[in-house]
Amino acid sequence: MHEIAAVYNSEIRVKKCRHDADLLAKTKEDFFMLYNVVVDEWGGTTYVPTVLGNVLLVAVIVVLLAAAVVFAKLHAKRLEEGQRADAGGNGAKNGRLTIKQLTFCAMAVALGMVLSNIKLFDLPYGGSVTLLSMLVICLPGYFFGLGAGLMTALAYGVLQLLIDPYILFPLQLVVDYVLAFGALGLSGLFSNAKNGLVKGYITAVLGRYVFAVISGWIFFGEYAWEGWAPLPYSLAYNGSYLFAEAAISIVIILLPPVKSTIGRIRRLALE
């Protein structure tokens with residue numbers, strides 16, 4: 001008799017949990033409106049942008065791109081202070097991008113997406129060592145400067161979001177897809193420096209690492225290994241795949257044939 005009662009009470013609790021989950025999902029959907037809230041049978045919640053949410057996301061990205069262009073112009077102006085203006089200079093030096101250079105940026109985004117799906121190593125809770133995808137996204141910044149780098153990296157982040165979204169919280173979307181991927185555009189800070197590609201790439205990876213750590217610490221702390229606090233776990237987890245790919249990429253960059261080829265591509269892009 002007691003066993004029957006226990007089973008009955010257990011079923012009641014399961015039904016109540018499901019009812020609470022459905023109510024929670026409806027409440028969250030009413031509150032956020034721009035997201036479809038999916039609650040699984042274990043109570044896990046995932047936020048998926050609606051059509052209206054994606055439209056708003058694109059609008060936000062357009063604003064960010066406009067800000068990136070303005071910032072790039074200011075950066076280019078500071079770099080050119082004290083130097084004689086070159087009337088025959090390329091569009092990137094004047095804070096503009098030519099059609100040819102925009103094509104290079106678009107090709108980098110497309111190639112980066114392809115390479116991001118060629119995974120040398122895949123971690124269980126997100127993150128992977130890919131075939132030089134971060135390096136490819138960093139090239140437009142090195143070729144054309146900070147504005148082009150940020151524009152390319154942000155476009156890459158938006159494409160990652162649209163093709164392979166993994167959203168637990170609305171703010172996590174911004175941190176993981178806009179800020180983390182957008183940080184790869186920081187390679188443009190060293191476009192005119194000696195060994196600028198290596199310096200820019202390291203800076204870009206560190207920028208992405210900072211935002212990945214913040215995301216792991218705040219949004220994924222529950223997955224921390226036993227005995228690990230969320231922050232050390234996030235530092236170690238995100239560093240394991242980002243720095244592994246960075247090390248492989250830097251070794252490849254420093255190979256004389258690769259260095260020479262990238263130099264020729266850059267000269268071609270700037271003509």
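A contact here means heavy atoms within 4.5 Å. Keep that in mind as you work through these exercises on a predicted model.

**Exercise 1. Get an overview of the fold and its contacts.**

*Solution.* 
- Start with the elements: the protein has 9 helices and 4 strands.
- Next, follow their order from the N terminus, which reads α-β-β-α-α-β-β-α-α-α-α-α-α.
- Then turn to contacts with a separation of 6 or more: 63% of them join residues 24 or more positions apart.
- Finally, look at burial and surface. Of the 271 residues, 41% are buried, and carbon and sulfur atoms own 68% of an accessible surface of about 15,500 Å².

**Exercise 2. Classify two aromatic pairs, and say whether each partner is buried or partly exposed.**

*Solution.* 
- The structure holds 13 aromatic pairs. Take Tyr 209 and Phe 243: their ring centres lie 4.6 Å apart with planes at 45 degrees, so this pair is tilted.
- Tyr 209 sits in helix 7 and Phe 243 in helix 8, 34 residues apart, so the pair links distant parts of the chain.
- Under 20% relative accessible area counts as buried. Tyr 209 is therefore buried at 13%, while Phe 243, at 35%, is partly exposed.
- For Trp 225 and Tyr 233, the centres are 4.9 Å apart and the planes stand at 90 degrees, so the pair is edge-to-face.
- Here Trp 225 is partly exposed at 37%, whereas Tyr 233 is buried at 3%.
- Both rings also belong to a cluster linked by ring pairs, made up of Trp 225, Trp 228, Tyr 233, Tyr 237 and Tyr 241.

**Exercise 3. Locate a nonpolar patch on the surface.**

*Solution.* 
- Pick out Leu 111, Val 114, Ile 118, Leu 120, Phe 121, Leu 131 and Ile 248, which together have about 610 Å² of accessible area.
- Helix 3 (99-116) and strand 3 (119-122) are the elements giving two or more residues to the patch.
- Ile 248 belongs to helix 8 (residues 230-253) and is partly exposed, with a relative accessible area of 37%.

Technical notes: Residues numbered from 1 in each chain as written. Predicted model: local features only at pLDDT ≥ 70, side-chain atom pairs only at ≥ 80, totals over all residues. Heavy atoms only, no water. Buried < 20%, exposed > 50% of the residue type's maximum accessible area, 1.4 Å probe, protein only. Areas by Shrake-Rupley, 256 points an atom, 1.4 Å probe, with all protein chains shown as cover. Patch = residues over 30% accessible without salt bridge, like charges linked within 9 Å, V, L, I, M, F, W, Y side chains within 5 Å. Salt bridge = Lys/Arg side-chain N within 4 Å of Asp/Glu carboxyl O. Phe/Tyr/Trp six-rings, centres within 6.5 Å; stacked < 30°, edge-to-face > 60°.
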